[in-house]
Amino acid sequence: MFRNYLYVSGTSDTIPAHFAEYAKDVAERFVPKGGLVVEIGSNDGTLLRAFDRGAVRVLGVEPARNIAAMANAAGIPTLDEFFGEAIAGEIAAKHGRASAIIGNNVVAHIDDLHGLMNGVTALLEERGVFVAEFPYLVELLEKTAYDTIYHEHLSYFSVASVVDLASGHGLRLIDVRRVGVHGGSIRVFISREGEPSAEVENLLAIESSIGLRSGRPLAAFVETVHRQKHDLVRLLAEIRSRRHVAGYGAPAKGNTLLNFCGIDRTILDFVVDRSPLKHGLLTPGTHIPVEPPERLLASGIRDTLLLAWNFEEEILRQQEAYRSRGGRFIIPIPSPRVV
(Lines give C-alpha, C1' and ligand atoms only; values in the text may rest on other atoms or scores of the structure.)
Protein backbone atom coordinates (compact mmCIF):
# COMPACT_ATOMS: atom_id res chain seq x y z
CA MET A 1 0.00 0.00 0.00
CA PHE A 2 2.83 2.43 0.80
CA ARG A 3 5.10 1.73 -2.20
CA ASN A 4 3.29 4.38 -4.26
CA TYR A 5 1.83 7.17 -2.14
CA LEU A 6 -0.07 10.38 -2.85
CA TYR A 7 0.28 12.39 0.37
CA VAL A 8 3.16 14.88 0.23
CA SER A 9 4.03 16.88 3.35
CA GLY A 10 5.30 19.89 1.44
CA THR A 11 1.94 20.75 -0.17
CA SER A 12 0.72 22.33 3.07
CA ASP A 13 1.93 25.63 4.54
CA THR A 14 1.07 24.56 8.08
CA ILE A 15 3.14 21.36 8.13
CA PRO A 16 6.52 22.89 7.07
CA ALA A 17 6.11 25.56 9.76
CA HIS A 18 5.25 22.88 12.31
CA PHE A 19 8.26 20.84 11.21
CA ALA A 20 10.63 23.80 11.58
CA GLU A 21 9.70 24.04 15.27
CA TYR A 22 9.81 20.26 15.58
CA ALA A 23 13.35 19.99 14.16
CA LYS A 24 14.61 22.85 16.32
CA ASP A 25 13.21 21.20 19.45
CA VAL A 26 14.77 17.79 18.70
CA ALA A 27 18.13 19.19 17.59
CA GLU A 28 18.59 21.48 20.58
CA ARG A 29 17.59 18.91 23.16
CA PHE A 30 19.03 15.68 21.85
CA VAL A 31 21.42 15.87 18.89
CA PRO A 32 25.10 16.79 19.35
CA LYS A 33 27.11 18.31 16.52
CA GLY A 34 27.67 15.66 13.88
CA GLY A 35 24.94 13.44 15.36
CA LEU A 36 22.70 11.37 13.11
CA VAL A 37 18.95 11.98 12.77
CA VAL A 38 16.96 9.18 11.09
CA GLU A 39 13.34 9.70 10.12
CA ILE A 40 11.03 6.73 9.59
CA GLY A 41 8.42 7.41 6.92
CA SER A 42 10.23 10.60 5.93
CA ASN A 43 7.95 11.38 2.96
CA ASP A 44 9.41 14.10 0.74
CA GLY A 45 12.00 15.12 3.35
CA THR A 46 10.17 18.25 4.56
CA LEU A 47 11.01 17.59 8.22
CA LEU A 48 14.62 16.58 7.60
CA ARG A 49 15.14 19.72 5.49
CA ALA A 50 14.36 21.76 8.60
CA PHE A 51 17.49 20.48 10.37
CA ASP A 52 20.77 22.38 10.05
CA ARG A 53 22.61 19.90 7.89
CA GLY A 54 25.86 21.72 8.54
CA ALA A 55 25.52 20.68 12.17
CA VAL A 56 23.85 17.25 12.01
CA ARG A 57 23.57 14.36 9.57
CA VAL A 58 20.15 13.28 8.32
CA LEU A 59 18.80 10.14 6.68
CA GLY A 60 15.26 9.35 5.61
CA VAL A 61 13.65 5.92 5.35
CA GLU A 62 10.61 6.11 3.06
CA PRO A 63 8.97 3.07 1.42
CA ALA A 64 7.06 5.07 -1.22
CA ARG A 65 9.46 4.93 -4.15
CA ASN A 66 7.88 7.89 -5.95
CA ILE A 67 8.18 10.15 -2.90
CA ALA A 68 11.63 8.88 -1.83
CA ALA A 69 12.81 9.89 -5.30
CA MET A 70 11.48 13.42 -4.69
CA ALA A 71 13.41 13.63 -1.42
CA ASN A 72 16.65 12.39 -2.96
CA ALA A 73 16.25 14.85 -5.84
CA ALA A 74 15.89 17.62 -3.24
CA GLY A 75 19.17 16.61 -1.60
CA ILE A 76 17.79 14.64 1.36
CA PRO A 77 19.46 11.20 1.45
CA THR A 78 16.61 8.71 1.60
CA LEU A 79 16.39 4.91 1.51
CA ASP A 80 13.28 3.63 -0.27
CA GLU A 81 12.67 0.86 2.26
CA PHE A 82 10.33 -0.13 5.06
CA PHE A 83 11.96 0.43 8.44
CA GLY A 84 12.63 -2.63 10.58
CA GLU A 85 15.35 -4.37 12.53
CA ALA A 86 17.29 -5.48 9.45
CA ILE A 87 17.34 -2.00 7.86
CA ALA A 88 18.21 -0.48 11.26
CA GLY A 89 21.24 -2.75 11.46
CA GLU A 90 22.36 -1.78 7.96
CA ILE A 91 22.05 1.93 8.79
CA ALA A 92 23.99 1.52 12.04
CA ALA A 93 26.78 -0.38 10.26
CA LYS A 94 27.10 2.25 7.52
CA HIS A 95 26.32 5.53 9.31
CA GLY A 96 26.68 4.76 13.01
CA ARG A 97 23.91 4.77 15.57
CA ALA A 98 21.37 7.58 15.71
CA SER A 99 21.15 10.37 18.27
CA ALA A 100 17.48 10.79 17.33
CA ILE A 101 15.02 8.62 15.46
CA ILE A 102 11.80 10.35 14.39
CA GLY A 103 8.51 8.75 13.43
CA ASN A 104 6.08 11.45 12.40
CA ASN A 105 2.52 10.29 11.65
CA VAL A 106 3.84 6.86 10.72
CA VAL A 107 3.81 4.75 13.90
CA ALA A 108 0.01 4.38 13.74
CA HIS A 109 0.42 2.95 10.22
CA ILE A 110 2.75 0.13 11.24
CA ASP A 111 1.32 -3.34 11.73
CA ASP A 112 4.32 -4.83 13.54
CA LEU A 113 4.90 -2.38 16.38
CA HIS A 114 7.30 -4.73 18.15
CA GLY A 115 9.35 -5.03 14.95
CA LEU A 116 9.45 -1.23 14.84
CA MET A 117 10.67 -1.01 18.43
CA ASN A 118 13.29 -3.73 17.82
CA GLY A 119 14.60 -1.61 14.96
CA VAL A 120 14.59 1.51 17.14
CA THR A 121 16.56 -0.17 19.93
CA ALA A 122 19.06 -1.59 17.40
CA LEU A 123 19.72 1.81 15.83
CA LEU A 124 19.43 4.20 18.77
CA GLU A 125 22.63 5.16 20.58
CA GLU A 126 22.71 4.67 24.36
CA ARG A 127 21.58 8.24 25.17
CA GLY A 128 19.52 8.65 22.04
CA VAL A 129 15.82 9.42 21.83
CA PHE A 130 12.97 8.09 19.73
CA VAL A 131 10.51 10.91 18.99
CA ALA A 132 7.12 10.03 17.54
CA GLU A 133 4.07 12.12 16.77
CA PHE A 134 0.58 10.84 16.03
CA PRO A 135 -3.09 11.71 16.65
CA TYR A 136 -4.05 11.46 20.31
CA LEU A 137 -6.93 9.14 21.20
CA VAL A 138 -8.28 11.55 23.83
CA GLU A 139 -8.47 14.36 21.24
CA LEU A 140 -10.09 12.01 18.72
CA LEU A 141 -12.86 11.24 21.20
CA GLU A 142 -13.28 14.82 22.46
CA LYS A 143 -13.42 16.36 18.96
CA THR A 144 -15.55 13.62 17.38
CA ALA A 145 -12.73 13.22 14.87
CA TYR A 146 -14.00 9.89 13.58
CA ASP A 147 -12.66 10.69 10.11
CA THR A 148 -9.18 10.03 11.55
CA ILE A 149 -10.21 6.35 11.55
CA TYR A 150 -9.29 4.89 8.17
CA HIS A 151 -7.36 2.09 6.51
CA GLU A 152 -3.84 3.43 7.10
CA HIS A 153 -4.33 3.88 10.84
CA LEU A 154 -3.95 0.56 12.62
CA SER A 155 -3.40 1.99 16.12
CA TYR A 156 -4.97 4.83 18.10
CA PHE A 157 -2.62 5.78 20.90
CA SER A 158 -3.15 6.88 24.45
CA VAL A 159 -0.20 7.87 26.63
CA ALA A 160 -0.74 4.72 28.69
CA SER A 161 -0.43 2.53 25.59
CA VAL A 162 2.85 4.25 24.66
CA VAL A 163 4.19 3.58 28.15
CA ASP A 164 3.29 -0.12 27.76
CA LEU A 165 4.85 -0.38 24.28
CA ALA A 166 8.09 1.29 25.33
CA SER A 167 8.49 -0.66 28.57
CA GLY A 168 8.18 -3.93 26.68
CA HIS A 169 11.44 -3.04 24.91
CA GLY A 170 13.43 -1.74 27.85
CA LEU A 171 12.59 1.87 27.04
CA ARG A 172 10.85 4.68 28.92
CA LEU A 173 8.45 7.44 27.97
CA ILE A 174 10.25 10.45 29.41
CA ASP A 175 8.20 13.30 27.97
CA VAL A 176 5.08 14.08 25.97
CA ARG A 177 3.68 17.23 24.40
CA ARG A 178 0.22 17.95 23.08
CA VAL A 179 0.38 19.61 19.65
CA GLY A 180 -2.41 21.05 17.55
CA VAL A 181 -1.70 19.51 14.14
CA HIS A 182 -4.09 17.01 12.52
CA GLY A 183 -6.89 17.88 14.89
CA GLY A 184 -4.90 17.16 18.05
CA SER A 185 -1.76 15.03 18.38
CA ILE A 186 0.88 14.07 20.91
CA ARG A 187 4.63 14.08 20.47
CA VAL A 188 6.28 11.43 22.64
CA PHE A 189 9.93 11.16 23.67
CA ILE A 190 11.22 7.66 24.41
CA SER A 191 14.70 6.72 25.63
CA ARG A 192 16.61 4.11 27.62
CA GLU A 193 17.02 6.32 30.68
CA GLY A 194 15.28 9.21 32.41
CA GLU A 195 12.20 9.74 34.52
CA PRO A 196 8.71 10.66 33.23
CA SER A 197 8.05 14.39 33.03
CA ALA A 198 5.18 16.09 34.83
CA GLU A 199 3.21 16.15 31.56
CA VAL A 200 3.46 12.37 31.21
CA GLU A 201 2.00 11.98 34.69
CA ASN A 202 -0.65 14.63 33.97
CA LEU A 203 -1.93 12.93 30.81
CA LEU A 204 -1.88 9.50 32.45
CA ALA A 205 -4.05 10.95 35.22
CA ILE A 206 -6.49 12.47 32.70
CA GLU A 207 -6.79 9.15 30.86
CA SER A 208 -7.41 7.34 34.12
CA SER A 209 -10.03 9.87 35.25
CA ILE A 210 -12.14 9.38 32.09
CA GLY A 211 -11.80 5.59 32.21
CA LEU A 212 -10.02 5.45 28.86
CA ARG A 213 -8.40 2.06 29.38
CA SER A 214 -11.80 0.55 30.24
CA GLY A 215 -13.32 1.91 27.02
CA ARG A 216 -15.99 3.82 28.95
CA PRO A 217 -15.88 6.99 26.75
CA LEU A 218 -16.56 5.06 23.54
CA ALA A 219 -20.35 4.76 23.94
CA ALA A 220 -20.74 8.54 24.20
CA PHE A 221 -18.41 8.95 21.22
CA VAL A 222 -20.58 6.67 19.07
CA GLU A 223 -23.69 8.68 19.92
CA THR A 224 -21.96 11.96 19.11
CA VAL A 225 -20.67 10.63 15.79
CA HIS A 226 -24.18 9.67 14.67
CA ARG A 227 -25.52 13.07 15.74
CA GLN A 228 -22.77 14.81 13.74
CA LYS A 229 -23.64 12.72 10.67
CA HIS A 230 -27.34 13.57 10.95
CA ASP A 231 -26.66 17.30 11.34
CA LEU A 232 -24.15 17.43 8.48
CA VAL A 233 -26.30 15.49 6.02
CA ARG A 234 -29.31 17.67 6.86
CA LEU A 235 -27.30 20.89 6.38
CA LEU A 236 -25.85 19.77 3.05
CA ALA A 237 -29.24 18.62 1.77
CA GLU A 238 -30.77 21.98 2.66
CA ILE A 239 -28.01 23.89 0.82
CA ARG A 240 -27.98 21.52 -2.16
CA SER A 241 -31.74 21.96 -2.63
CA ARG A 242 -31.00 25.56 -3.64
CA ARG A 243 -27.50 25.58 -5.19
CA HIS A 244 -24.40 23.56 -6.03
CA VAL A 245 -21.79 22.50 -3.46
CA ALA A 246 -18.09 21.59 -3.78
CA GLY A 247 -15.52 20.09 -1.43
CA TYR A 248 -12.06 21.27 -0.39
CA GLY A 249 -9.34 18.71 0.25
CA ALA A 250 -9.00 15.07 -0.77
CA PRO A 251 -7.28 13.62 2.32
CA ALA A 252 -7.75 10.01 3.36
CA LYS A 253 -9.72 11.22 6.37
CA GLY A 254 -12.15 13.03 4.10
CA ASN A 255 -13.11 9.76 2.47
CA THR A 256 -14.10 8.26 5.81
CA LEU A 257 -16.49 11.18 6.27
CA LEU A 258 -17.82 11.08 2.69
CA ASN A 259 -18.55 7.36 2.76
CA PHE A 260 -19.96 7.25 6.30
CA CYS A 261 -22.28 10.17 5.61
CA GLY A 262 -23.23 9.00 2.10
CA ILE A 263 -21.97 12.20 0.46
CA ASP A 264 -21.37 11.57 -3.25
CA ARG A 265 -21.68 13.38 -6.60
CA THR A 266 -25.36 14.04 -5.96
CA ILE A 267 -24.17 16.39 -3.18
CA LEU A 268 -20.68 17.58 -4.22
CA ASP A 269 -19.94 18.51 -7.84
CA PHE A 270 -16.17 18.08 -7.30
CA VAL A 271 -13.46 18.46 -4.67
CA VAL A 272 -10.25 20.44 -5.02
CA ASP A 273 -6.83 19.66 -3.57
CA ARG A 274 -3.40 21.31 -3.71
CA SER A 275 -1.55 18.07 -4.46
CA PRO A 276 -1.05 17.61 -8.23
CA LEU A 277 -0.69 13.87 -7.56
CA LYS A 278 -4.43 13.69 -6.86
CA HIS A 279 -5.72 15.77 -9.79
CA GLY A 280 -7.76 13.80 -12.30
CA LEU A 281 -8.53 11.04 -9.81
CA LEU A 282 -11.79 10.17 -8.05
CA THR A 283 -12.56 9.98 -4.34
CA PRO A 284 -12.71 6.28 -3.32
CA GLY A 285 -16.23 4.89 -3.00
CA THR A 286 -18.02 8.15 -3.78
CA HIS A 287 -16.35 8.86 -7.16
CA ILE A 288 -16.19 12.64 -6.88
CA PRO A 289 -13.59 14.14 -9.27
CA VAL A 290 -10.52 15.80 -7.73
CA GLU A 291 -9.42 19.05 -9.37
CA PRO A 292 -6.91 21.89 -8.74
CA PRO A 293 -7.88 24.61 -6.21
CA GLU A 294 -8.28 27.20 -8.99
CA ARG A 295 -11.41 25.36 -10.10
CA LEU A 296 -13.24 26.48 -6.98
CA LEU A 297 -13.10 30.21 -7.66
CA ALA A 298 -13.78 29.73 -11.37
CA SER A 299 -16.87 27.57 -10.72
CA GLY A 300 -18.97 30.23 -9.05
CA ILE A 301 -19.99 27.74 -6.35
CA ARG A 302 -20.68 29.53 -3.06
CA ASP A 303 -20.67 26.63 -0.57
CA THR A 304 -17.74 24.28 0.01
CA LEU A 305 -17.42 21.37 2.44
CA LEU A 306 -14.00 21.56 4.11
CA LEU A 307 -12.86 17.94 4.21
CA ALA A 308 -9.36 18.96 5.32
CA TRP A 309 -10.85 20.69 8.39
CA ASN A 310 -7.63 20.21 10.38
CA PHE A 311 -6.07 22.88 8.13
CA GLU A 312 -8.98 25.29 8.53
CA GLU A 313 -6.95 28.41 9.33
CA GLU A 314 -4.50 27.86 6.48
CA ILE A 315 -7.17 27.12 3.89
CA LEU A 316 -9.40 30.04 4.88
CA ARG A 317 -6.37 32.31 4.56
CA GLN A 318 -5.50 30.90 1.13
CA GLN A 319 -9.08 31.26 -0.07
CA GLU A 320 -9.59 34.93 0.80
CA ALA A 321 -10.49 35.76 -2.81
CA TYR A 322 -13.14 33.03 -2.85
CA ARG A 323 -14.61 34.17 0.47
CA SER A 324 -14.56 37.83 -0.59
CA ARG A 325 -16.87 36.89 -3.47
CA GLY A 326 -19.37 35.35 -1.07
CA GLY A 327 -17.87 31.87 -0.79
CA ARG A 328 -18.56 29.95 2.42
CA PHE A 329 -16.95 26.91 4.01
CA ILE A 330 -18.83 24.19 5.86
CA ILE A 331 -16.66 22.87 8.72
CA PRO A 332 -17.89 19.34 9.54
CA ILE A 333 -15.92 18.48 12.71
CA PRO A 334 -16.63 18.46 15.65
CA SER A 335 -20.11 19.63 14.67
CA PRO A 336 -21.20 21.29 11.41
CA ARG A 337 -20.86 25.05 11.15
CA VAL A 338 -20.61 27.55 8.29
CA VAL A 339 -17.90 30.24 8.11
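Mentor: Glu85, Ala88, Ile91 and Ala92 in helix 4 meet Gly115, Asn118, Gly119, Ala122 and Leu123 in helix 5, where contact means heavy atoms within 4.5 Å. The residues of this contact divide into 5 nonpolar, 3 polar and 1 charged, with Gly counted as polar. This is a predicted model, in which local features need pLDDT of at least 70, side-chain atom pairs count only at pLDDT 80 or more, and totals for chains, interfaces and linings use all residues. Residues are numbered from 1 along each chain as its sequence is written, and side-chain values use heavy atoms, leaving out hydrogens and water.

Trainee: Why are helix 4 and helix 5 called roughly parallel to each other?
Mentor: Helix 4 (residues 85-95) and helix 5 (residues 113-123) pack at an angle of about 15 degrees. Angles under 35 degrees count as roughly parallel, so helix 4 and helix 5 are roughly parallel to each other.

Trainee: What makes strand 7 mostly covered?
Mentor: In strand 7 (residues 185-191), 7 of its 7 residues are buried, meaning under 20% relative accessible area with a 1.4 Å probe, protein chains only. Ser185, Arg187, Phe189 and Ser191 point one way, while Ile186, Val188 and Ile190 point the other way.

Trainee: How do you know that strand 5 and strand 7 pair?
Mentor: Pairing requires that DSSP finds at least two bridges between two strands. Strand 5 (residues 124-135) and strand 7 have 7 bridges, in the antiparallel sense, and therefore count as a pair. Val131 stands opposite Phe189 in strand 7.

Notes. Axes are lines fitted to C-alpha atoms, for helices over the stretch in contact, and angles run from 0 to 180 degrees between N-to-C directions. Helices (H or I, at least four residues) and strands (E, at least two) are DSSP runs, numbered from the N terminus. Angles under 35 degrees count as roughly parallel, over 145 as roughly antiparallel, 65 to 115 as roughly perpendicular and the rest as oblique. Buried means under 20% relative accessible area, exposed over 50%, partly exposed in between (1.4 Å probe, protein chains only).
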